[in-house]
Amino acid sequence: MEFDFKGQTAIVTGGTRGIGRAISEAFLKAGAKVIATYRSNEEEAKNFKEANAAHAECLEIYKFDVTCYDEVENFYKEVENKHGDFQIVVVSSGIRSDSIVGMMKEEDWNNVIDTNLTGTFNISKLAVQYMMRQKYGRIIALTSPIGKLGFAGQANYAASKAGQVALVKSLSKEVASRKITVNCVSPGFIDTDFISDLPDEQRDAYKKQIPLKRFGSPQDVATPVLFLASKESSYITGSVLEVTGGL
């Protein structure tokens, strides 16, 4: 499936590594101007920029923390001043810090909720303020089936992802009259460094649960994101598109 995003600008948070990087690169190949953000991994951001040198004129990279409202606000002001309008926002930034509830540190609960859920709120709230003026926009949040299924040791992650879905469904109803759609893409096990710390036996056990018997690739997620970001998806909002291999 081919997409044409020439003349459009896409913001991708967490857009310099893993799934976010694949999404950023897919938008670049489809002709969009891409503003990719990251929080702390300077090396990955540098590698991403160098690998996409051919698209240097269409790529900007910003460093800030999605959990800090002031930093998000300053980011949008800079984007508006430098780039003008933007049409697409993809919330791909996220973390996990696993532990059973009885042993979970308070800071691990707070950090995951702040990054995954509050970060989505911060990015989405300020995005719609800009999009409502132009009466058009696409917001896609990367969630997870764990928010629906629950996994032992991931109560904080599951809660943050379930909250993302609820936020998206509510927001989609608030902005629909302005031709802004808000959706989730819910990847299952995707072969990135996000799950690289899983022991081999656990990886094998998870693969056995997947009808397609493999982990997905970041590109498997990027294509559905581009579809929901396209003008052709104008009648889809408040939805959750699962990309799980049938999990």
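**The protein chain**

Guide: In the protein chain, the mean positions of the 29 positive and 31 negative charges lie 6 Å apart. Here Lys and Arg count as positive and Asp and Glu as negative, while His and the chain ends are not counted; each charge is placed at NZ of Lys, CZ of Arg, CG of Asp or CD of Glu. This is a predicted model, in which local features need pLDDT of at least 70 and side-chain atom pairs count only at pLDDT 80 or more, whereas totals for chains, interfaces and linings use all residues. Residues are numbered from 1 along each chain as its sequence is written, and side-chain values use heavy atoms, with hydrogens and water left out.

The protein chain holds eight helices and seven strands (DSSP runs of H or I with at least four residues, and of E with at least two, numbered from the N terminus). Its radius of gyration is 17 Å, close to the 18 Å that the globule rule gives for 247 residues, so the chain is as compact as a globular protein of that length. That radius is taken over C-alpha atoms, and the rule is 2.2 Å times the number of residues to the power 0.38. The C-alpha trace spans about 50 × 35 × 35 Å along its principal axes.

Of the 247 residues, 50% count as buried, meaning under 20% relative accessible area, with exposed over 50% and partly exposed in between (1.4 Å probe, protein chains only). C58, at 31% relative accessibility, counts as partly exposed, and C68 counts as partly exposed at 27%. A search of the whole structure finds zero disulfides, a disulfide being a pair of cysteine sulfur atoms within 2.5 Å.
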